[in-house]
Amino acid sequence: MVGRAPPRAQRASRLAAVRVEATQATLSDVSADLRVLALADGEETPAWVGQLPGSGDVRTAFRKRALLRSPEGRTLVLGAGSADDLDAERLRVLAALAAREAREVNARSVAWALPAAADDPRATAAALVEGTVLAGFRFDRFKTRAPSEAGGAAGSPGIEALLLTDVAEPDALSATLRASRVAAEAANRTRELQSLPANVLTPTALADRARELAVEFETVNVDVLGREAIVERGMGGLAAVSSGSEQEPRLISIRYSGRGSGDVLGLVGKAVTFDSGGISIKPSAGMHEMKMDMSGGAAVIESVAAMAELGLELDVAAVVPATENMPSGTSMRPGDIITQLNGKTVEVNNTDAEGRLILADALTWCVRELGAALVVDLATLTGAVLVALGSTYSALISNDDDWASRVTEAADAAGELVWRLPLHPEYKELTRGKVADLTNSAAKRKAGTIYAGSFLEEFVDAVPWAHIDIAGTAWDTGREYVGDGPTGVGVRTLVRLAAELAG
Ligand code: BES
Ligand code: MN
Ligand code: ZN
């Protein structure tokens, strides 16, 4: 293969862990570089805060902030808005605002008074941890100028310790604190993988990251197939999509054995490390964004890492098909007919509808070879989902109502919203091929997201399955705690779902 040196990272990635603790002590009695409290409408300013200079600036409208300085240190008062509206999402936003302020003033330790206005202490604590950890993400390892030289907020190493104060029963909260921290850190690792360019994060590099999990955890086994084995096993979709690239594809299988007694949870994640569209090439404007077309696969890998770290008592079988989609003399062509792993034939009328081809084989592998009895797949699958739902909801498509509601509940709790779209025999009709069993893209531009979901359903052998199209939510949601970059969407949903299944 033609070699080309990848860029040199200037420093290791900065995904430092945050220490998280809870205490019964009240905010005014603890020491921290920054103390934070949120006040809801009608809530009184505590007397000690009222005595600080500048306390007249305190406002309770949501997102308003007042930074009060005194000889004892800095105190940030955030407006929490109406107590009725103070849900987990708003708490994540407030935590992110505080984290940004902390960076601004170079605070390493932050103490946050658990807001009295929020009713469920567990959900409140989880949201504060998630918002703080997610807001701490930075991707600057390819900047030649060290952030410390750049000075100011960019140079701050970020928050190292988060202390939740005014907690009635700190011990009752410790499992929640740990679970939310571990899941948010896994989301940040996913965001790092999403950010890496395609000349660094190749299918091989992603497989190497998965292999690390087997070294780190005794409960994890990783098995990786290369091009030859993929072809030999009959994974016609993954073989065809990868045929245009010098980069070898990888079929990554991860087993997590948490000694569960229930069904094996199957997870499948699309990992196209670069989607040029292939011969049906994409327009050049914005094509660079397609380095993120591996977001589903990265989320699956890092969420399994989180499950292993938490020691969740369930068994998981994860499959990540990793490949580039490139045009070349060896690429698949529009019109080519391929045979998927389950024997179904597909007429490839658009090489840019590549995700469904690799997922088809991965779903079959996950169910037939790894024995998954319940399946979730995550994929940046269609541009159409951006048109339908924007960056607010991911699309959920499922063949099973119970499974769909369990997945929806986990997603809601994580604040990673999903909206279910229907399956229907009429959509199925659209996927029928003229010269093969199926065709990979619709002749008319009808229901693009459902079309893709309906196509995938052909490969799950009727086990309960939920497909989540994250093309609109993996990047650029503008949510306060993730900003305009990679979001790591899906990780916190999958970890919560697994925790629920583990019981
Ligand atoms: N990776 C894209 C989908 C995508 C679009 C992800 C925008 C993230 C942001 C996918 O492989 C694709 O190209 N889909 C095509 C399908 C079409 C050819 C049927 C699309 O949505 O245009
Ligand atoms: Mn594509
Ligand atoms: Zn794609």
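**Helix packing and aromatic pairs**

Mentor: In this predicted model, the axes of helix α7 (residues 203-216) and helix α10 (residues 295-310) come within 10 Å and cross at roughly 10°.

Trainee: Why are α7 and α10 called roughly parallel to each other?

Mentor: Angles under 35 degrees count as roughly parallel. The crossing angle of α7 and α10 is roughly 10°, and therefore these two helices are described as roughly parallel.

Trainee: Which residues of α7 and α10 meet?

Mentor: From α7 they are L206, R209, A210 and L213, and from α10 they are I301, E302 and A305. The residues of this contact comprise five nonpolar and two charged ones, with no polar residue.

Trainee: How many aromatic pairs does the structure hold?

Mentor: The structure holds three aromatic pairs. One of them is formed by F139 and F142, with 6.0 Å centre to centre and 55° between the planes.

Trainee: What makes the pair of F139 and F142 tilted?

Mentor: Rings pair if their centres lie within 6.5 Å, and planes under 30 degrees apart count as stacked, over 60 as edge-to-face and the rest as tilted. With 6.0 Å between centres and 55° between planes, F139 and F142 form a tilted pair.

Trainee: Why does F142 count as partly exposed?

Mentor: Buried means under 20% relative accessible area and exposed over 50%, with partly exposed in between. F142 has 26% relative accessibility, so it counts as partly exposed. F139, with a relative accessible area of 30%, is partly exposed.

Trainee: What makes the pair of Y393 and W419 edge-to-face?

Mentor: Planes over 60 degrees apart count as edge-to-face. The planes of Y393 and W419 stand at 80°, with the ring centres 5.4 Å apart, so the pair is edge-to-face. This pair links distant parts of the chain, 26 residues apart: Y393 is in the loop between α12 (384-389) and β15 (394-398), and W419 is in strand β16 (residues 418-420).

Trainee: How do you know that W419 is partly exposed?

Mentor: The relative accessible area of W419 is 48%, and exposed requires over 50%; W419 is therefore partly exposed. Y393, at 27% relative accessibility, counts as partly exposed.

Trainee: Where does L417 lie, and what is in contact with it?

Mentor: L417 lies in the loop between α13 (401-414) and β16. Beyond its neighbours within four places in sequence, L417 is in contact with T392, Y393, S394, A411, D412 and R479. At 25% relative accessibility, L417 counts as partly exposed.

Definitions and conventions. Residues numbered from 1 in each chain as written. Chains lettered and ligands numbered in written order. Predicted model: local features only at pLDDT ≥ 70, side-chain atom pairs only at ≥ 80, totals over all residues. Heavy atoms only, no water. Axes fitted to C-alpha atoms, helices over the stretch in contact; angles between N-to-C directions. Helix = DSSP H or I, 4+ residues; strand = E, 2+ residues; numbered from the N terminus. Parallel < 35°, antiparallel > 145°, perpendicular 65-115°, else oblique. Contact = heavy atoms within 4.5 Å. Nonpolar A, V, L, I, M, F, W, Y, C, P; charged D, E, K, R; others polar. Buried < 20%, exposed > 50% of the residue type's maximum accessible area, 1.4 Å probe, protein only.
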